[in-house]
Every structure is written in structure tokens, then in C-alpha cells.
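Hi,

Here is the structure I promised to send over. Have a look at it first, and then read on for what turned up when I went through it.

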Amino acid sequence: MKIIAGLGNPGVKYAFNRHNTGWLCINHFAQNNNFGEPSLKFDGELWRRGDLILLRPMTFMNSSGICLKQVVNFYKVPLENVLIIYDDMALNFGKLRLRAQGSAGGHNGLISILTELNSIEVPRLRVGIGKNPGSMIEYVLSDFNDDEKKLFPEILDNVENAIKIWLDNDIQRAMTLINAAK
């Protein structure tokens, strides 16, 4: 079994914020692959098809680990079979970077996950939202600008392809294929 969790914040006012990139990616993947409607379980929205779970924690970003830990423990999923998708200001807009493990890099959603799971060995797909021109909090909680909105459908397609690569390959091969992409 594998879990793919997209991070974000619940509520209409956050729906298209940069910080909701993970949620937007999960929505796109679920819609394009006919997952139907999610169930409300484990403090999150959960889609399940066979051995694949898509998850949107409904806790706020900074508590994402609470939801994910419940799902991981209930389904007894090894951490190498969990993929976290989230926004990253350290990457240029639209750039994807897959890592098998590592620190949270200051991302509060990932800090919550690594803390709750008591491990840094959790694969993650970082989606670049660009550099912060001012206040970090204001930036991540702001909506994409018009130029970014035009590019975002292509980014969502790239994330969908990256997810499929992760599902079909071991982590080292997936990192090679995803991280080398332009």
C-alpha cells in the first residue's frame, strides 16, 4: 500500500494560496485519474483505490502530521511508501524536486509530519513556488499571480507525471527521472 499526501489549509480563503499547492496537486491527480469523491476519515479527506491512498489532511498545515500518522498507523504503511507533496519557496516556481528523506527545511507542515512519524525518512515531492519577496507568511498565504495561474495547469500535469514515476519506480530511479526534468 502507498499513501500520497498533499499539504494545505482547509477553508475557502486558502483554496488557491501558494501554501495549498499540495492540496491542488492531490485534487488534480484524483480528478484526472477518476478517484471520485473522497471520504472524510482520520481528520482528512481520503481517496482509496486498491493499494493507493490519496490524502488531504484537513488539519491546518502546521498540524498535518496528526492526520498522516493516523492513516499510516491504521493501514500499517511503511514510511518509504508515503509521499508528501508540498510547496517550497527554496525552489523556482514550478520546479519539482523529489527527495527520499531529510530535514523539513523550515516548512511547518513537514516539521509536523516528521515529528509525528518520528522519522526524517519520508519521501517528499517539493513543488517550487518561487522566492519570497517580503514576508514569508504573507507570501505563502497569498494567491498565485496571473502569470503563475497561466503556468499552473502545466505544473499540475508535471506533478501528476512525477507521482506516476514514483508509483512505478524505486525511489532512486524516481529521483533521477524527476529531478533531471526541465
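The largest nonpolar core has 30 residues, and the members that touch the most others are Ile4, Leu54, Leu83, Ile85, Leu98, Leu125 and Val159. Before you read too much into any of this, bear in mind that the model is predicted. At least two residues of this core come from each of helix 1, strand 4, strand 5, strand 6 (96–99), strand 7, helix 4 (136–140), helix 5 and helix 6 (171–179). Helix 5 gives the largest share, 7 residues.

Setting aside residues up to four places away in sequence, Ile85 touches Ile4, Ala5, Gly6, Leu7, Gly22, Cys25, Ile26, Leu125, Val127, Val159 and Ile163. There is also another core, apart from the largest one, with 24 residues that include Ala5, Phe42, Ile53 and Ile113. As background, nonpolar side chains tend to be buried together in soluble globular proteins.

Beyond its neighbours within four places in sequence, Ala5 is in contact with Ile26, Leu55, Leu68, Leu83, Ile84 and Ile85.

Next, the helix packing. How do helix 1 and helix 5 pack? Helix 1 (residues 21–32) and helix 5 have their axes 9 Å apart, at an angle of about 75°. That angle falls between 65 and 115 degrees, so the two helices count as roughly perpendicular. On the helix 1 side the contact uses Thr21, Leu24, Cys25, His28, Phe29 and Asn32, and on the helix 5 side Phe152, Leu156, Asp157, Val159, Glu160, Ile163, Lys164 and Leu167. Sorted by class, this contact has 8 nonpolar, 3 polar and 3 charged residues.

On salt bridges in general, the count comes to 5. One of them joins Arg56 and Glu45, with 2.7 Å between the closest N and O atoms. This pair links distant parts of the chain, as Arg56 is in strand 4 (residues 52–57) and Glu45 in strand 3 (residues 44–49), 11 residues apart. Both Arg56 and Glu45 are buried.

Another salt bridge brings together the side chains of Lys69 and Glu116, at 3.9 Å from N to O. Lys69 belongs to helix 2 and Glu116 to helix 3, so this pair ties together parts that are 47 residues apart in sequence. Lys69 is partly exposed, with a relative accessible area of 31%, and Glu116 is partly exposed too, at 28%.

While you are at helix 3, have a look at its inward side chains as well. The buried residues there are Gly109, Leu110, Ser112, Ile113, Leu114 and Leu117, and they pack against helix 2, strand 5 and strand 7.

Last, some backbone angles to check. Just after helix 3, Asn118 takes a positive phi of about 55°, and Asn118 is not a glycine. Asn118 is in the loop between helix 3 (108–117) and strand 7 (124–128). With a relative accessibility of 70%, over the 50% cut-off, Asn118 counts as exposed. Lys76 also has a positive phi of about 55° without being a glycine. Its place is in the loop between helix 2 (64–75) and strand 5 (82–88), and Lys76 is exposed, at 69% relative accessibility.

Cheers

Note on methods. Residues numbered from 1 in each chain as written. Predicted model: local features only at pLDDT ≥ 70, side-chain atom pairs only at ≥ 80, totals over all residues. Heavy atoms only, no water. Helix = DSSP H or I, 4+ residues; strand = E, 2+ residues; numbered from the N terminus. Buried < 20%, exposed > 50% of the residue type's maximum accessible area, 1.4 Å probe, protein only. Salt bridge = Lys/Arg side-chain N within 4 Å of Asp/Glu carboxyl O. Axes fitted to C-alpha atoms, helices over the stretch in contact; angles between N-to-C directions. Parallel < 35°, antiparallel > 145°, perpendicular 65-115°, else oblique. Contact = heavy atoms within 4.5 Å. Nonpolar A, V, L, I, M, F, W, Y, C, P; charged D, E, K, R; others polar. Core = buried A, V, L, I, M, F, W, Y, C linked by side-chain atoms within 4.5 Å.
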